[in-house]
Structures are given as structure tokens and as C-alpha cells.
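Reader: Hello! Could you take me on a close look at the surroundings of the ligands in this model?

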Amino acid sequence: MASAGSGSGSRSEKVRVWDLPTRLFHWLLVGLFAFMWYSGGASDELMHWHMRAGYTLLALLIFRVLWGLWGSRHSRFVSFVAPPRRVWGYARAVLARRVTPASGHNPLGGWMVLVLLASLLTQTVTGLFSSDDISIDGPLNNTVSSSTAGWLTSVHHLNFDLLLILAGVHIAAVLAHRVLGEPLTLAMITGRKRAAAGDTDEPFAPLWRALLLALAAGAAVWLLVS
Ligand code: HEM
Ligand code: HEM
């Protein structure tokens, strides 16, 4: 919440920006991504956990897409996917070191979030069809021809390298904002961020809705892989 009694933000106040589901999504994603990196291509035992954790990650990503449609304001795609002209204007402000704090994701960051989500979804979906050609097959590997499975396995490998680059750029951008005086990581932990101009301390979407969407995402993955 903002300071007691205030309905709209001023530069010194903090307002609610990231709801609990979005924060949980992010930090679970970071943990699972690290585990996927560690377990990918490791022993058979670890590869079984690679796949189980992969199902969880896929459900998490589906949840985030649903939350992007029906979640709290700052978590919705419509609120952070900016038109090219605003992205260009923001990029020029960054180059001139005139960055103004954004309410949620900034115009450039919003597109980065979309690219990260698309690449993570590509990684999890191709994983379902991948095979090491020895003992480990994704659950949908036998639903496609072996040449298609081989191609999807190559995408699983190549896209992982892309993901590492994207994650590196993402973390570097978060650090750069810190250097420029906008601490973003704390906001992703507490949910509260220094108010940008005109920011209001709005209520978040109800948690039962997040729970319902998470259940739907989990059920979709379960139906897909069982
Ligand atoms: C420890 C390292 C990391 C830190 C400190 C960090 C920090 C952050 C912060 C501060 C934001 C919000 C940015 C904003 O205010 O616009 C964010 C968003 C995001 N980060 Fe990270 N991040 C880390 C690692 C990762 C990794 C490894 C991934 C994926 C491979 C990732 C994916 C995302 C995504 C998808 C969002 C958008 C969240 C949403 O709206 O749901 N992050 N991160
Ligand atoms: C973001 C999620 C994921 C990441 C970051 C990831 C990462 C990786 C990495 C780094 C490898 C090793 C590649 C190599 O040996 O060069 C790998 C292999 C593999 N992954 Fe994933 N993976 C993810 C999701 C999944 C999912 C959801 C499944 C299936 C349920 C899966 C199934 C496999 C299989 C079967 C292999 C073995 C392919 C081979 O050895 O050629 N992965 N993954």
C-alpha cells in the first residue's frame, strides 16, 4: 500500500505494483530455470527430474499467460506491451540517461518480458518432444516422426543458448536500472515500487482467480503429458 491515507502516488511514495502471483511466478521461474540448466543433459536420474520440473515450469508459464490476460493491471499484457513509437522514445531516453521510472514494466522491458516468455515456452514445448536417442525421451517424442523429433531436439539445444543470452541481458538491464537509481529487484520481492507520475495504489486481482487459473494451467499440462 502507499503511505496511509493516500490514493495517488507521488515520487517519494511506494505503490503496489507486482501482486503475489506475479512475484511467486518470477522467483519460482528463476529457481526452476537454474535447475533446468543444471539437470539438462545430466544423468538419467537427474533427467527424470529435468522432465518433472519441466512440467511444473510449463504450467507456470501457461499460468503467466493467463495472468497476462486476467491478472492485476500491471501484470496484464495490455498494460506493458507498448507500441513501437513509445519503445523507440524510451530507448532514446535510456541512451541519453534520462530514464524516468515506469509504473510497471517500462516500454522496452515489456517487450523483453514477451520475448523471454516466448523463448521459455518454446524451450518447454520442444522439451516434450526431445530425446537423447539413448534412454531419455520427452513424453510426446513418439507422437512425431523421428526426423521431426530430431529437429525439435536441436531447437531445444539452440533455444537454450538463446535463453542464456536473454537471461544475461535481462539481469544486466536490471543492474543498469539499479546504477541509474531505480531499484527494481526489491520491487519484485515486496511488490511495491516508487510511484511514477500519476501512479495510483490500486487493488490487485483476487487471489482465488490466480488459484483457479493455476489449477487450469496445471490440469492442461497434466492432460497433455499423461
Ligand atoms: C537473479 C536473477 C534475476 C533478477 C534479480 C531478476 C529481476 C527481475 C526484475 C526486477 C523484474 C521486474 C522488471 C521490471 O520492473 O520491469 C523481472 C521480471 C522478469 N524476469 Fe527476472 N530476474 C532474474 C532472473 C531471471 C531469469 C533467469 C529469468 C528467465 C529465464 C527471468 C525472467 C523474468 C520475466 C519473464 C519477468 C517478467 C515478470 C512478469 O511480469 O511476470 N528473470 N526480473
Ligand atoms: C525452460 C525449460 C527447459 C530448459 C532450460 C531445458 C534445458 C535443457 C538443456 C540445457 C539440455 C541439455 C542439452 C545438451 O545436452 O546440450 C536439455 C536436454 C533435454 N531436455 Fe530440457 N530443458 C527445459 C525443458 C524441458 C522439458 C519440459 C522437457 C520434457 C518434459 C525436457 C526434456 C529434455 C530432454 C529429453 C533432453 C535430452 C535431449 C538430448 O540429450 O539431446 N526439457 N534441456
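Author: Of the contacts in the protein with a separation of 6 or more, 71% are between residues 24 or more positions apart. Please keep in mind that this is a predicted model, where local features need pLDDT of at least 70, side-chain atom pairs count only at pLDDT 80 or more, and totals for chains, interfaces and linings use all residues. Residues are numbered from 1 along each chain as its sequence is written, while chains are lettered from A and ligands numbered from 1 in the order in which they are written.

Now to ligand 1, which 21 residues surround (a residue counts if its C-beta atom, placed from the backbone, lies within 6 Å). The closest are His105, Gly109, Ala167, Leu184 and Met188. Two or more residues of this shell come from each of α1 (20-39), α5 (107-129), α6 (146-179) and α7 (185-190); helices here are DSSP runs of H or I, at least four residues, numbered from the N terminus. The most come from α1, with six residues. By type, the shell around ligand 1 has 13 nonpolar residues, seven polar and one charged (Ala, Val, Leu, Ile, Met, Phe, Trp, Tyr, Cys and Pro are nonpolar, Asp, Glu, Lys and Arg charged, the others, Gly among them, polar).

Around ligand 2 there are 25 residues, the closest being Gly40, Gly41, Gly54, Gly127 and Asp132. Here α1, α2 (44-70), α5 and α6 each give at least two residues. This shell divides into eleven nonpolar, 13 polar and one charged.

Methods:
Contact = placed C-beta atoms within 7 Å.
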